[in-house]
Amino acid sequence: MSELSSSTITIEAPLADVQGALFALDQYPTWSSAIKASEVIEKDDQGRATKVKMTIDAGMMKDRVILDYDWSQAPAQLSFSLDDADLLTGMDGSYSIKAIDEDTTQVTYELGVSLSMPIPAMMRQKAEKTTIDQALSQLKAALEA
């Protein structure tokens, strides 16, 4: 897996609201234009999604993926990794969530993808960064609305 690209954003919303939006994996299409569909396939004994099927259309990255979610660092961090996909050969990432004060939250999104076709690293990193920045800005817009 390649190095992860990342970005951080500050959202004017309480920590619990931000965690609520990020932890409701089946609701991603309501705030992220890149996630066209999201379906929880498996849950853990606490009712948290551990396997999710998503249809992604993020410019260059269009695919149907199954992601495994790791809740071991929650609620401070939610990580994911690729289980299966049509085109991607790897996809790892995480959302790290930290309260700045009671009404402000900082979110860092890290993402790394590997593709089945050869793509220059610079183009892949640019696509990752664009995907990250779009997701964070759309999350911020949804929570600050």
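Modeller: Contact means heavy atoms within 4.5 Å. By that cut-off Q19 touches P75 and I97, not counting residues up to four places away in sequence. The model is predicted, so local features need pLDDT of at least 70 and side-chain atom pairs pLDDT 80 or more, while totals for chains, interfaces and linings use all residues. Residues are numbered from 1 along each chain as its sequence is written, and side-chain values use heavy atoms, with hydrogens and water left out.

Colleague: Why is Q19 called buried?

Modeller: Buried means under 20% relative accessible area, with exposed over 50% and partly exposed in between (1.4 Å probe, protein chains only). Q19 has 13%, so Q19 is buried.

Colleague: What makes T108 count as buried?

Modeller: Its relative accessibility is 18%, so T108 falls under the 20% limit.

Colleague: How do you know that the side chain of T108 makes a polar contact with the side chain of T8?

Modeller: A polar contact is a pair of N or O atoms within 3.5 Å; within protein, one must be able to donate a hydrogen and the other to accept it, and residues adjacent in sequence count only if both atoms are side-chain atoms. The T108 and T8 side chains are paired at 2.7 Å, so the pair qualifies.

Colleague: Which residues does T108 contact, leaving aside its neighbours within four places in sequence?

Modeller: T108 is in contact with S6, S7, T8, S94, Y95 and S96. T108 and S7 are 101 residues apart in sequence, yet 5.6 Å apart in space, C-alpha to C-alpha.
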